[in-house]
Amino acid sequence: MQTVYVAGLYSKNPDGTQANPGQVQANIAKAKVVARKVWQLGHAALSPHANTEFLDGDPLVDWNKLIRGDLRLMGKCDVLVVLPGWQGGRGTWIEVTLAQILGKKVFECSTQADLEAFYDWLKVN
């Protein structure tokens, strides 16, 4: 069983601009779809989108706490899957960089076809 960390945009748009609440919800939903598929394929998924959903609006929980916590969790995972458009997100850049430093397998999925290839890899690993 692989433990998969699902990374992608949360509070940003692909162009790096601030996402509105509806766009944040859409980003969360996209990550949840991938996490569900990972579980359906018999692996464990960790989605920080679901774990910290809307905590960014809490004045007692700042972004630095959230990203540090996410990175600790990501360090426990075997694989990082990165959703399309991730380059616009500062946190995702940090997650990808750390995963590469730690020698984790990173699947950068720019298209649905890339996601399907990732799912195919999970079926045999």
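How many residues does helix α3 have, and how far does it reach from its first C-alpha to its last?

## Basis of the description

This is a predicted model, in which local features need pLDDT of at least 70 and side-chain atom pairs count only at pLDDT 80 or more, while totals for chains, interfaces and linings use all residues. Residues are numbered from 1 along each chain as its sequence is written, and side-chain values use heavy atoms, with hydrogens and water left out.

## Helix α3

Helix α3, residues 63-74, has 12 residues and reaches 16 Å from its first C-alpha to its last, close to the 16 Å expected at 1.5 Å a residue; the expected span is 1.5 Å times one less than the number of residues. Helices (H or I, at least four residues) and strands (E, at least two) are DSSP runs, numbered from the N terminus.

The buried residues of α3 are Leu66, Ile67, Asp70, Leu71 and Met74, where buried means under 20% relative accessible area, exposed over 50% and partly exposed in between, with a 1.4 Å probe and protein chains only. Seen down the helix axis, these buried residues fall within an arc of 130 degrees, so they line one face of α3; the arc is that of the directions from the helix axis to the C-beta atoms. The face turned away from the buried side of α3 carries the exposed residues Arg68 and Arg72. The cover over the buried residues of α3 includes β1 (3-7), α2 (48-51), β3 (79-82) and α4 (90-101).

Glu95 is found in helix α4, and its contacts, counted as heavy atoms within 4.5 Å, include Ile67, Asp70, Leu71 and Met74, which are among the buried residues of α3. Leaving aside neighbours within four places in sequence, Glu95 is also in contact with Tyr5, Ala7, Pro48 and Leu80. Glu95 is buried yet has no salt bridge, and the nearest side chain of opposite charge, Arg90, is 11 Å away. For charge, Lys and Arg count as positive and Asp and Glu as negative, while His and the chain ends are not counted.

Val96 also lies in helix α4 and is buried, with a relative accessible area of 3%. Not counting residues up to four places away in sequence, Val96 touches Leu80, Val82 and Trp86. Val96 and Arg72 are 24 residues apart in sequence and 13 Å apart in space, C-alpha to C-alpha.

## Helix α5

Helix α5, residues 112-124, has 13 residues and reaches 19 Å from its first C-alpha to its last, close to the 18 Å expected at 1.5 Å a residue. Its buried residues are Leu115, Phe118, Tyr119 and Leu122. They cover an arc of only 100 degrees around the axis, which puts them on the same side of α5. What covers the buried residues of α5 includes β1, α1 (21-40), β3 and β4 (105-108), whereas the face turned away from the buried side carries the exposed residues Ala113, Lys123 and Val124.

## Nonpolar cores

The largest nonpolar core has 16 residues, and those with the most contacts inside it are Val4, Val6, Val34, Val38, Val81, Leu115 and Phe118; such a core is a set of buried Ala, Val, Leu, Ile, Met, Phe, Trp, Tyr and Cys residues joined through side-chain atoms within 4.5 Å. The elements that give two or more residues to this core are β1, α1, β3 and α5. A second, separate core of 11 residues includes Met74, Cys77, Leu80 and Val82.

Leaving aside neighbours within four places in sequence, Val6 is in contact with residues including Ala31, Val34, Ala35, Leu46 and Val81. Val79, found in strand β3, counts as buried at 2% relative accessibility, and its contacts beyond four places in sequence include Val4, Tyr5, Phe107, Phe118 and Trp121.

## Salt bridges

The structure holds two salt bridges, each defined by a side-chain nitrogen of Lys or Arg within 4 Å of a carboxyl oxygen of Asp or Glu. The side chains of Glu53 and Lys32 meet in one of them, at 3.2 Å from N to O. Glu53 lies in the loop between α2 and α3 and Lys32 in helix α1, so the pair ties together parts that are 21 residues apart in sequence. Glu53 counts as partly exposed at 28% relative accessibility, as does Lys32 at 35%.

Lys123 forms a salt bridge with Asp120, the closest N and O atoms being 3.5 Å apart. Being three residues apart in helix α5, Lys123 and Asp120 are separated by about one helical turn. Lys123 counts as exposed at 53% relative accessibility, whereas Asp120 is partly exposed, with a relative accessible area of 43%.
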